[in-house]
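Colleague: Could you walk me through this model with me asking the questions? I'd like to go from single elements to the way they pack.

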Amino acid sequence: MTDPRAVAAGAVFVVAIAAVVIRPRRLDESIAAALGALGMVALGVIDPQEAVATVLSQWSLFLFLAGLMLISGLADTAGFFDAAGALAAGAARGSGRVLLLAIFAAGAGITAFLSNDATALILTPVVYSVATRLRLNPIPYLFATTFVADTGSITLPVSNPVNILVAGRTGLSLGPYLGHLLPASLAAIAVNGALLLLLFRRQAARTFRVDWRAMLAQAVPDRRLFHLTCAGLFVVAASYLAGSALGLPLGAVAAGGAVLLLLLQLAVRGLRPTVLREHLSLSLLLYVAGLLVLVRGVEAVGLTTAVVGWLTSALRGPFEAVAAGALATAVGANLINNVPAVLVVLSGAGAGHLAGPVRLPFLLGTQVGADLGPNLTPVGSLSTMLWLVIVRRRGVELSTLQYLKLGAVVTPATLLVAVLCLGATFLR
Amino acid sequence: MRILVGVAERGAPELLAELDRVRPLREDEVLLAHVIDNGMRGEVELHRGHLMPRPLPQHRARAIGEAEREAARLAAEEAAGVAVRMAAGVEVSVEEGEPGRVLSRLAELRGCDLVAVAARVDRGDLRPGPHSVGHTARFVLDHSPRPVLLLRGAPQR
């Protein structure tokens, strides 16, 4: 007989996730997720204490997200992202094609240490400004930023909030993490860069003239603040690496980095009282909290275990496990967005029946799929949705179908090389 | 004849050369209009606003606006430099708004006899067929109160 609690949990989950993806009447994603979480509690699927405990258990993730938003926002205020754009323009030496690669490389570096969202949300408008100022077609360059935001986000545990979630289950320190995922990351970045250059070789073929030093000077309103912020970001990057190596909670490291940058700004030019409100998004934190409770609800009635059990029942070796994990979250990311997709898979994988030699490959495959999969469609992640909006306004010659065509070339290619590289690390 | 020519960020010299081939401009007055498409910022704000408290900070919006105006100035200067060698009279107008809508309105307001637009800004593939006309040219074709000359041009490099 069907368990009414399971039916209620499944129905609330489906309706809430559908509302997050479709956004009826422009309903905020965070409100949809929070209402779904309340529904889980109201229908008795989980009790309020358990909902609170579920959210509090991910304190490191919330600290990480908050720290990341502040670090990125403060770096932006100091001109860090504009300087990156100016340096990319200078490095290109007048070639539109080299600029494409330079922006792609800058995006990969920024994504590695400041996350995919920083690249998508902050670097995208900067790249748009640079391309517009140089009178280049902005579309290839905007494509480069949106794709590298996802493709470059395998590199480190801090490159994508999804990685923090997976790291919480794998418990890998930095050395083993890099041992398994750095080859996959570098291969995916190389393949993506090469494909972008190939696909946009005509649109990016224009040349330009630029006084990049003047551009850089204009990008940096306060040199002292800029230099101190760069030093602060270097400390943050080093702390991330050290924290990952020592197994410290990365949320605490990110929060510490944010405090450091706040103090630097305070010392140089003071802080506006609105600084937290300007850079922190409570909506994002509410969205993640709502998703955590929603997934806990379907986990409590055994639905996630059933889904992941079905997915992993026939896995025999690490290659299969990597591929299954990657495929599950890559597809899930495009159906229900990458964060809920990963939460569902991790929840099911944590039930205990996934063990032995396939557990770690499956979990890391899950991360690879969730990081790279959103490039397939414009709804895979916030960054690609934002990108499409910008492109639609500027070019409009690019339809969703055309995006899908490009995504259909880039995403399977990057997924394939990443899965092969990751799988190969388990053969040693 | 008074001709309104829609000038984009790129390709104005090629567009004017093609127009001059189709209809020599030596006795015409040409109004070169570049429209900064400022709707993008609004839509970005709308979409980012769901998860970001300050979607586009003031300094960022300002930087985008400056870049757009700088590109517009250069495009208009470049077009004017070419047009003065061809036409009896040249006037330049830089506007902000939705390009198709603004061009259609300008044609009426400025008493133009003809509107000339490029089929697409980035004219990589110029074969007639689906998707060969960009959104701005499409809007002008649909809404301009004055006759419209659609120029497909030679492939850009």
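Colleague: Which residues of α17(A) are buried?

Modeller: This is a predicted model, where local features need pLDDT of at least 70, side-chain atom pairs count only at pLDDT 80 or more, and totals for chains, interfaces and linings use all residues. Residues are numbered from 1 along each chain as its sequence is written, chains are lettered from A and ligands numbered from 1 in the order in which they are written, and side-chain values use heavy atoms, leaving out hydrogens and water. Helices (H or I, at least four residues) and strands (E, at least two) are DSSP runs, numbered from the N terminus, while buried means under 20% relative accessible area, exposed over 50% and partly exposed in between, with a 1.4 Å probe and protein chains only. In α17(A), the buried ones are A:Pro318, A:Ala321, A:Val322, A:Ala324, A:Gly325, A:Ala326, A:Ala328, A:Thr329, A:Ala330, A:Gly332, A:Ala333 and A:Asn334.

Colleague: How far does α17 of chain A reach from its first C-alpha to its last?

Modeller: The helix has 19 residues, 318-336. The expected span is 1.5 Å times one less than the number of residues. That expectation is 27 Å, and the helix in the model is close to it, reaching 26 Å.

Colleague: Which residues make the contact of α8(A) and α10(A)?

Modeller: Contact means heavy atoms within 4.5 Å. From α8(A) come A:Phe143, A:Ala144, A:Phe147 and A:Thr151. Their partners in α10(A) are A:Ala188, A:Ile189, A:Asn192 and A:Leu196.

Colleague: Is A:Asn192 buried or exposed?

Modeller: This residue sits in helix α10 of chain A. Leaving out residues up to four places away in sequence, A:Asn192 touches A:Phe104, A:Phe147, A:Thr151, A:Asn375, A:Val410 and A:Thr414. Because its relative accessible area is 0%, A:Asn192 is buried.

Colleague: How far apart in space are A:Ala187 and A:Thr151, C-alpha to C-alpha?

Modeller: A:Ala187 also belongs to helix α10 of chain A. The pair is separated by 36 residues in sequence, and the C-alpha to C-alpha distance is 9.8 Å.

Colleague: Over to chain B: what do the buried residues of α4(B) pack against?

Modeller: Helix α4 spans residues 99-109, and B:Pro99, B:Gly100, B:Val102, B:Leu103, B:Ser104, B:Leu106 and B:Ala107 are buried there. They pack, within chain B, against β1 (2-6), β2 (29-36), β3 (89-96), β4 (114-118) and α5 (135-143).

Colleague: In what order do the elements of chain B run from the N terminus on?

Modeller: Chain B holds 5 helices and 5 strands, and 50% of its 157 residues are buried. From the N terminus on, the order is β-α-β-α-α-β-α-β-α-β.
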